[in-house]
Amino acid sequence: MKNVTIRKLSDEVHRAIHQRAAAHGRSIEAEMRAILTEAVQPPERIKLGTLLSGVISEENRLTDDERETYFGRDKTPHEPMVFGQ
C-alpha cells in the first residue's frame, strides 16, 4: 500500500470530508480512501475481462452453453496432492 500526503487542503473541504465521514461512520482517512476509489473505479465501469468476453462472444456468436464452457469457472472438485509415496 502507498501513502499519500495532501497539502494545502482548505478548512472548508476538510470540514466537509469530516462531516461526510461521520455520516458514513468512517474515519476521515477511510472516507478519503472511499472518495478516491470511487473517483477512479466507478461501479459502472466495464472491467477488461467482461469487455473481452463480450467482444469474443459477439465475434464468434457463441451460445450461452459455449460461453459457459469457455469463460465459466471449472466447478470440478480437485484431487488433493499426495507427497512422498
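Predicted model: local features only at pLDDT ≥ 70, side-chain atom pairs only at ≥ 80, totals over all residues.
Close-up 1. Even so, the side chain of Glu31 meets that of Arg20 in a salt bridge (2.5 Å, N to O). This pair ties together distant parts of the chain, with Arg20 in helix α1 and Glu31 in helix α2 (residues 28-40), 11 residues apart. Glu31 also forms a salt bridge with Arg26 (2.8 Å, N to O), so look for Arg20, Arg26 and Glu31 linked in a network. Both arginines are partly exposed: Arg20 at 34% relative accessibility and Arg26 at 36%.

Close-up 2. Glu29 is exposed at 55%, while Arg33 is partly exposed at 46%.

**Close-up 3. The largest pocket.** This pocket has a volume of about 390 Å³. Its lining includes Met1, Val4, Leu9, Glu29, Arg33 and Leu36, and the lining residues divide into six nonpolar, two polar and three charged.

**Close-up 4. A nonpolar surface patch.** Val4, Ile6, Leu9 and Val13 make a patch of about 350 Å². Val4 comes in the segment before α1 (11-24) and is exposed, with a relative accessible area of 70%.

**Close-up 5. Lys8 and its positive phi.** Most residues other than glycine have a negative phi. Lys8 has a phi near 60°, a positive value. Lys8 lies in the segment before α1 and is exposed at 86% relative accessible area.

How values were computed
Residues numbered from 1 in each chain as written. Heavy atoms only, no water. Patch = residues over 30% accessible without salt bridge, like charges linked within 9 Å, V, L, I, M, F, W, Y side chains within 5 Å. Areas by Shrake-Rupley, 256 points an atom, 1.4 Å probe, with all protein chains shown as cover. Salt bridge = Lys/Arg side-chain N within 4 Å of Asp/Glu carboxyl O. Helix = DSSP H or I, 4+ residues; strand = E, 2+ residues; numbered from the N terminus. Buried < 20%, exposed > 50% of the residue type's maximum accessible area, 1.4 Å probe, protein only. 1 Å grid on protein atoms, 1.4 Å probe; cavity = no way out; pocket = protein on both sides within 12 Å on 5 of 7 lines; lining within 4 Å. Points joined across faces, edges and corners; volume = space filled by probe spheres on them. Nonpolar A, V, L, I, M, F, W, Y, C, P; charged D, E, K, R; others polar.
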